[in-house]
Amino acid sequence: MDPNFVQGLHNLLVQTTSNDTTALKAATAQLNQEYYKNSACISALASIVTSSPDQAIRQLAAVEMRKRVSYNSGNLWTLLPQEEREQIKSKFPELILAESSNLVRHSAARVVAAIAAIEIPAGHWTQLLPFLQQTCTSSNVSPGEVGMYMLYTALENIVEGFQDHLGSLFQLFSQTLADPDSIEVRVTTVRAMGVIAQFIDSDDKAYVAQFQALLPAMIQVIGQCVETSNESGARQLFDVLETLLILEVPILSKIIPDLVEFLLRCGGNRAYETELRILALNALNWTVQYKKSKLQSFNLAPQILEHLMPITTEEEPEDVDEDAPSRSALRIIDGLSTSLPPVQVFPALRNLIVQYFHSQQPAQRRGAMLALGIAVEGCSEFMTPLMSEVWPIIEAGLRDSDASVRKATCVAVSCFCEWLEEECAEKHEVLVPAIMNLINDPETQRSACTALDALLEILHDVIERYLQLIMERLSGLLESAPMSVKAVVTGAIGSAAHASKERFTPYFEPTMQRLQHFLVLTAEGEEIELRGITMDAVGTFAEAVGKEKFRPYFPTMMTQAFQGIEMGSARLRECSFLFFGVMARVFGEEFAGYLPQVVPPLLASCKQQEGGDDIASSVQDASQAFSTGLSASSAINVSDEVDINGMPVAELEDIDLDKLMDVNSAIAVEKEIAADTIGTLFSATQGHFLPYVESCALELVSLLLHYYEGIRKSALDSLLEIVRTFYDLSDHQEWQPGANVTVLLNPTVKDLIGHVLPPLLEMYETEDNKSVVSALCVSLAETMNKVGPAFIEGNLEPICNIAIQILEQKAFCQQDPDQDEEEEAPEAQAEYDSVLISSAGDLVAALANILGHDFAPAFNRFYPLIAKFYKKSRSLSDRSSAIGCLAEIIAGMKSAVTPSTEPLLELFYRALSDPDAEVLSNAAFASGLLVEYSEVDLSQQYLPLLGALRPLFDVTPESPSPKLNAKDNAAGAVARLLLRNTSAIPLDQVLPVFVNALPLKNDYLENRPVFRAIFHLIRTNPQALSPYMDKLLSVFATVLDPNGPDQVGDEVRAELIQLTGHLNTQEPSKIQAAGLGAFV
């Protein structure tokens, strides 16, 4: 090797460390032009690493040597003469062992790893792994640490070639995990295990067993780091643990109870450093997410909750973005409630909440209230019958002597309003006054406004009683409150407008005047937030008061929205996009003139990169983002190699950008709203949007595989909205059910479907988020019901398979690596899982609707999959959706259901004795449809069916909504029985109950069979109805009232008016007395 070449390279490296910018640039340019393109630079850099007296230069040379070895997939390395390559491979690792600087050793170890990544897969350098294994067990601390680090970095870089050494590596790790002298050796061993785990297959039973044998020692090393406050080591090891948790190979399955206990011990010990406790709790959160079947089978939720509750009582930092053990604990409670069956979570949590809420310590009462609020999302259905026990706690919390408890109760009320709407709305007489009192208290003002905002959203007609009081109080706060409170107040006023609709009109103009100056705020932080919330509220006002009253503000507000887009704030762009969607809904085709200004920024938003410029410049931020417990920290490999200034050494290409999940969540949310708004605009502006359909559809398709589930969901919803709107605009005939398409689609519609449906079906195959799959099922079903069988032409089988896989609980998003493929999924499941099953039921019902009689062969496949969800051990949601789905299938198949009449009727009888009104309602509907459409004569079943339906009629006006629904569906079922075979019904017993159930109050669709039955009886047996005519005439007046909602549809309305005219010829005075004179 030319010594002058080496010396010249050394001198230039020295020059690059200069503070003189000109000298640095000159040296860098010379290095790139004269040295780094020449393979000889690798040998020269190796020489400098092992011989330069200057540590900083040795460090820099090692960093550059790794880059040169890896450059262009290793091409520069392979251009080096064979002899020089062999010399580096034989000497360089040994020389690193003698290096005194830890920084240089680590950077040089990465050089070895880079070389190994090229050589070992090619079958060369077989001596490396044995050499490193021998070095790792050195009796001297330093060589052992360096050897293990070299082994770790080598394993990290070699994709293939080390699998043959797994047995000996496990043996080595069993020694190094217990290294008595060096925590660094033990930590690096665990990191190496994390690398190896990613290459073990589930079928490699022996390797899995060997790895599992090391787990207790691995957990012990993590514990040692936590106990000794070794934050860097602990952070690295919790990363490894998270890697093991998300792997499909169930490596951790057997030690889950021990792991949970360990993490709870670390997270709950206040003597440990806060950061380390948060790391432990975040690892527990990932355990809940990824090992839920093990938590469920071991019934670990009560134990976890018992240890988490004390942590919820700890203080929270003021900064909402700052993590703390208490916040981590609440996050885990949220995870438990949404991931596990409520029966395993809520009973244990309820006992703890009652215990803590009766404590003398405010912190315990506060923790109880926050835990209660956060659990409702995943346990709302389970909690509903228990609310009589919960409300006294809420009411006491709103009156608590301690402000922190009252604030926590406001948070809980906000959660309850979102997930238990009806229950909260019924409690308005307690909640509204209590929250209004808290708004008067500066300590609780902001939290109370947030709770009021959530409550107003769901009050509907009841708001009329409180509107004046609320508006007076909130309007006053717009003048006097701090800016952060003004934002919440503005949101609450928007919710008041949403609930009161046209009754908001008197407050519209004065409120707009008060809010005007918020719309020109420009400062970052609170001002931008207030401006955005004001924009949202104004949109809600427009929907409430209607376009004519809002019209004077329309152009000005659109200008404000366009200005918001230009201000460089993702939050304001999001608010502007939402505003565009609302204005398009309010003004319809009048909005079309704005499309040339609105669509381009929406598409630009969809195309933008989330990370922007920050990714390349902030590797540290990335690594921190991934240790918050909000995303898998192991998903990104951030180098621990640092440069001479102590900064991480990592180039953009070192980072897996696809997995850098939350670099910029604000932009991700903005894109989600943009994607959603596109579908809204087409639906609202109709044909005016046609020039933009192609570019928007192409962009939305590209978002279907985005890493953020909110964007994927918005993209699929908008794409199918576009298909439906495009179909509406096309010249189409009404479709006919059947497997063979008899009514052809317009070619452009067919072409659009051809571009949209295949990517959606492809997306499903790898979609791991249940809510996205649920949205896909619901949106596909809606589109199928509108467009008909032509929509799925050529794709019937994959769409059927989606429903089958979900109902079998074997879809990709339902897979659990800890569960054997042959093993049945447990019957008890989280409420979110039930939502997915219900969505699959919607998809099956849509298939039956568009295939009609041709669905019969598929019915035999689907029936057992659906019927298994009707068992007493299943949740209300599962039981209700199973019966409801079968009812919709019968409505689609019609007489083709005949061969399955017997098993269906047997199932519906069982459902008609269900304890829940929601199931009874669906069972009544289903049994009526079965009698209507089956060709089997079910007259012999009439009396038992009528007996089963009779209790459903026993309601009062104050009965809860599900019972009123059940009564209406029972009336519809009786009507269908009457229509099918009147002679099989004891009219003298049935008609008094039937007529007394009218008019229907909740389910107007059942008015169709009800009135068909009445018309049938008037034609065939008028004397049977004559005792009830006065009551029936008042029913007619109610359903024909032009000031009320349409209750019967055009066909029934026309026949009813005709009947009224006929009756008028017989008894005109009765017609007039009933208020029907206008219809004769």
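Of the 379 residues that make up the largest nonpolar core, Phe173 and Phe550 touch the most other members; such a core is a set of buried Ala, Val, Leu, Ile, Met, Phe, Trp, Tyr and Cys residues joined through side-chain atoms within 4.5 Å, where buried means under 20% relative accessible area, exposed over 50% and partly exposed in between, with a 1.4 Å probe and protein chains only. The model is a predicted one, in which local features need pLDDT of at least 70 and side-chain atom pairs count only at pLDDT 80 or more, while totals for chains, interfaces and linings use all residues. Residues are numbered from 1 along each chain as its sequence is written, and side-chain values use heavy atoms, with hydrogens and water left out. When neighbours within four places in sequence are set aside, phenylalanine 173 is in contact (heavy atoms within 4.5 Å) with Met148, Leu151, Leu155, Thr189, Ala192, Met193, Ile196 and Leu214.

Two packed helices are described by the angle between their axes and the distance between the axes. Helix α5 (residues 82-97) packs against helix α6 (residues 102-119) at an angle of about 145°, the axes being 10 Å apart; helices (H or I, at least four residues) and strands (E, at least two) are DSSP runs numbered from the N terminus, and axes are lines fitted to C-alpha atoms, for helices over the stretch in contact, with angles from 0 to 180 degrees between N-to-C directions. The crossing of α5 past α6 is left-handed, a term used if the near helix is turned anticlockwise from the far one by less than a right angle, and right-handed if clockwise. On the α5 side the contact is made by Arg85, Ile88, Lys89, Phe92, Pro93 and Ile96, and on the α6 side by Arg105, Ala108, Ala109, Val111, Val112, Ile115 and Glu119. Nine of these residues are nonpolar, none is polar and four are charged, where Ala, Val, Leu, Ile, Met, Phe, Trp, Tyr, Cys and Pro count as nonpolar, Asp, Glu, Lys and Arg as charged, and the others, Gly among them, as polar.

Side chains of opposite charge can pair when their charged atoms come close. Across the whole structure, 52 salt bridges are found, each a side-chain nitrogen of Lys or Arg within 4 Å of a carboxyl oxygen of Asp or Glu. In one of them, glutamate 99 pairs with arginine 58, with the closest N and O atoms 2.9 Å apart. This pair links distant parts of the chain, 41 residues apart, since glutamate 99 lies in the loop between α5 and α6 and arginine 58 in helix α4 (residues 55-79); both glutamate 99 and arginine 58 are buried. A further salt bridge joins the side chains of arginine 277 and glutamate 314 (2.5 Å, N to O). Arginine 277 belongs to helix α14 (residues 274-290) and glutamate 314 to the loop between α16 (301-312) and α17 (325-339), so the pair ties together parts that are 37 residues apart in sequence. Arginine 277 and glutamate 314 are likewise buried.

Glycine 679, in helix α35 (residues 665-685), is buried, with a relative accessible area of 2%. Not counting residues up to four places away in sequence, glycine 679 touches Ser718 and Glu721. Serine 877 is found in helix α43 and counts as buried at 17% relative accessibility.
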